[in-house]
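Please consult the sequence and the structure shown here.

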Amino acid sequence: MRRFLAIAGCIAAVLVAALPAAANNKPTTGAPIPLGPLGPTSFAADTPFHIEHGFTCDLGDASCIKDQISGNADFDLYLDGVLQPSTVDVDLIDGVLGKRHLTNYPSGLPAGTYTFVGVHSLNGTVVLTRTKTITFS
């Protein structure tokens, strides 16, 4: 068990040292729009926004980091059924390591009603799907 914890600690240290240098603090545009129940159902048309979802783990939780911050974890965002491009954004904030997928909409969306679907998966298995319909006006 000690060996496992030592190895896990080394993995976490490498992630903290290497990943943020390559992927940390990706710039966002506009306000964040969460896909959960607290997200808006309406938003101003042609106004910048971004959607960023993924996985987070406490820095000391090696098992979580191994499963959810590695290449095993993924998030796909669909807008009206079309897969949207995203950028991986890795952040360490207050002892929590996050691997999120960021999609910026720097020009917003034109007036209309759109459906966003976010799909979280681990090891190729969907673990959470969130759907949010938003009217842009």
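The sections below take up the basis of the model, its cores, its disulfide and one of its strands.

## Basis of the model

The model is predicted: local features need pLDDT of at least 70, side-chain atom pairs count only at pLDDT 80 or more, and totals for chains, interfaces and linings use all residues. Residues are numbered from 1 along each chain as its sequence is written, and side-chain values use heavy atoms, with hydrogens and water left out.

## Nonpolar cores

A nonpolar core is a set of buried Ala, Val, Leu, Ile, Met, Phe, Trp, Tyr and Cys residues joined through side-chain atoms within 4.5 Å. Buried means under 20% relative accessible area, exposed over 50%, and partly exposed in between (1.4 Å probe, protein chains only). The largest such core has 15 residues, and those with the most contacts inside it are Phe49, Ile51, Leu77, Tyr105, Leu109, Phe116 and Phe136. At least two residues of this core come from each of strand 3 (49–58), strand 4 (73–79), strand 8 (112–122) and strand 9 (125–136); strands are DSSP runs (E, at least two residues), numbered from the N terminus. Strand 4 gives the largest share, three residues.

Phe49 is in contact (heavy atoms within 4.5 Å) with Thr29, Gly30, Ala31, Ile33, Phe43, Thr103, Asn104, Tyr105, Gly108, Leu109, Phe116 and Phe136, residues up to four places away in sequence not being counted. A second, separate core has six residues, among them Cys57, Cys64, Ile69 and Val90.

## The disulfide

Taking a disulfide as a pair of cysteine sulfur atoms within 2.5 Å, the count comes to one. Cys57 and Cys64 form this link, with their sulfur atoms 1.9 Å apart. The angle about the S-S bond is -75°, and the link is left-handed. Cys57 counts as buried because its relative accessibility is 3%; Cys64 is also buried, at 13%.

The covered face of strand 4 holds Ala73, Phe75, Leu77 and Leu79, whereas Asp74, Asp76 and Tyr78 make up the uncovered one.

Two strands pair if DSSP finds at least two bridges between them. Strand 4 pairs with strand 8 in the antiparallel sense over seven bridges, and Ala73 has Leu122 of strand 8 as its bridge partner. Strands 4 and 5 form a hairpin with two residues between them, and Asp80 in the turn has a positive phi of about 50°.

Key. Helix = DSSP H or I, 4+ residues; strand = E, 2+ residues; numbered from the N terminus.
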